[in-house]
Structure formats: structure tokens, C-alpha cells
Amino acid sequence: MGLLDSLLGNASEVNISEIQSEYEQILAANERIEKAYRLTRDMYIFTDKRLILVDKQGMTGKKVEYHSIPYRSITHFSIETAGNFDLDAELKIWVSGASIPIERKFNKSLNIYHLQSVLAQYVLK
């Protein structure tokens with residue numbers, strides 16, 4: 001992921017083996033990470049049970065908020081692909097009880113269709 005992508009708010013896919021041990025303490029028994037994406041310091045982790053949004057706060061990033069969204073709470077979602085001049089793809093997730101979706105942007109190198117497929121696999125169970 002390049003510096004420009006970080007500044008523009010775009011995320012890139014992360015190798016699961018690189019983060020498995022770092023986030024194992026927040027995983028439930030027998031829960032496994034399926035996909036993970038990094039935005040500068042923040043992470044979007046898709047497990048087989050839920051979506052975890054990791055928000056590192058402050059100058060040092062020592063304070064961390066873990067926002068857990070069970071797939072059953074997701075009412076619907078949408079993707080927007082990257083274009084020629086719009087270099088980022090977008091994912092929107094609506095959670096029951098909230099009228100405003102959670103929005104995340106991803107750089108053009110990410111296969112947004114694959115991300116949507118992973119999310120659909122768990123939400124549509």
C-alpha cells in the first residue's frame with residue numbers, strides 16, 4: 001500500500017498469516033480470520049463469524065477500539081467499483097438499528113467483487 005493510498009483513505013488487503021497472532025486475543029474459540037484489510041493503522045477483519053473494525057486512536061495508536069458486527073446484524077450492503085477517474089472502490093454496510101451505513105474505501109488494486117463475495121457468503125447464511 002502506498003503513501004498516497006493512505007492519505008486518500010484507501011485500504012489494501014493484508015496477508016492473514018501476518019496478523020493472525022496480533023488479533024488472536026479478540027477472536028472467539030474456533031473463530032478464524034477469512035480476509036483482512038489495512039487502512040494506515042486501522043483494520044477491517046472478516047472472520048467466519050463477524051466483521052471486526054479495528055480503530056487505532058491517538059498519536060501512538062496504543063488505544064484501540066474493536067467494533068464487532070455479527071453478520072446476522074447486517075441488513076444489506078453495496079459495493080461501488082473503481083472507475084477511470086475515481087480510483088477507489090467503496091463498500092457500504094447497513095447494520096440493523098442504524099440508518100446510516102458504515103462506509104469504507106479501498107484502492108483500485110483490491111478485487112472488490114471478491115470482498116463482496118466473502119461478505120455475502122456469511123451474511124446470506
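Predicted model: local features only at pLDDT ≥ 70, side-chain atom pairs only at ≥ 80, totals over all residues.
**Exercise 1. State how many helices and strands the protein has, and in which pattern they follow one another.**

Step 1. The protein has three helices and eight strands.

Step 2. Along the sequence, the pattern is α-β-α-β-β-β-β-β-β-β-α.

Step 3. Of the 125 residues in the protein, 41% are buried. Among the contacts with a separation of 6 or more, 36% come from residues 24 or more positions apart.

**Exercise 2. Identify which residues touch the most other members of the largest nonpolar core, and which elements supply this core.**

Step 1. A nonpolar core is a set of buried Ala, Val, Leu, Ile, Met, Phe, Trp, Tyr and Cys residues joined through side-chain atoms within 4.5 Å. In soluble globular proteins, nonpolar side chains tend to be buried together.

Step 2. The largest core holds 24 residues, of which F46, Y71, I74, I93, F106, L115 and L119 touch the most other members.

Step 3. At least two residues of this core come from each of β2 (33–39), β3 (42–47), β4 (50–57), β6 (74–80), β7 (88–95), β8 (102–107) and α3 (112–123). Helix α3 provides the largest share, seven residues.

Step 4. Leaving aside residues up to four places away in sequence, I93 touches L51, I74, H76, F77, P101, I102 and L119.

Step 5. Another core, of ten residues, lies apart from this one; V14, Y23, L27 and I52 are among its members.

**Exercise 3. Describe which residues line the largest cavity, and give their classes.**

Step 1. Rolling a probe the size of a water molecule over the atoms shows where empty space is left. On a 1 Å grid over the protein atoms alone, a cavity is a set of points where a 1.4 Å probe fits but cannot get out, and lining residues have an atom within 4 Å of a point.

Step 2. One cavity of 30 Å³ or more is found in the whole structure. The largest cavity contains about 60 Å³ of space, where the volume is the space filled by probe spheres set on the points, and grid points are joined across faces, edges and corners.

Step 3. The lining consists of Y44, F46, L51, L53, L91, I93, I102, R104 and F106. Strand β8 gives the most, with three residues.

Step 4. Ala, Val, Leu, Ile, Met, Phe, Trp, Tyr, Cys and Pro count as nonpolar, Asp, Glu, Lys and Arg as charged, and the others, Gly among them, as polar. The lining has eight nonpolar, no polar and one charged residues.

**Exercise 4. Classify the aromatic pairs Y37 with F46 and Y71 with Y122.**

Step 1. Rings of Phe, Tyr and Trp (its six-membered ring) pair if their centres lie within 6.5 Å; planes under 30 degrees apart count as stacked, over 60 as edge-to-face and the rest as tilted. This rule gives two aromatic pairs.

Step 2. Y37 and F46 are 6.1 Å apart, centre to centre, with 85° between the planes, and form an edge-to-face pair. Y37 counts as buried because its relative accessibility is 0%; F46 counts as buried because its relative accessibility is 1%.

Step 3. Y71 and Y122 are 5.1 Å apart, centre to centre, with 15° between the planes, and form a stacked pair. This pair links distant parts of the chain, 51 residues apart: Y71 is in the loop between β5 (63–70) and β6, and Y122 is in helix α3. Both Y71 and Y122 are buried.

Key: Residues numbered from 1 in each chain as written. Heavy atoms only, no water. Buried < 20%, exposed > 50% of the residue type's maximum accessible area, 1.4 Å probe, protein only. Helix = DSSP H or I, 4+ residues; strand = E, 2+ residues; numbered from the N terminus. Contact = heavy atoms within 4.5 Å. 1 Å grid on protein atoms, 1.4 Å probe; cavity = no way out; pocket = protein on both sides within 12 Å on 5 of 7 lines; lining within 4 Å.
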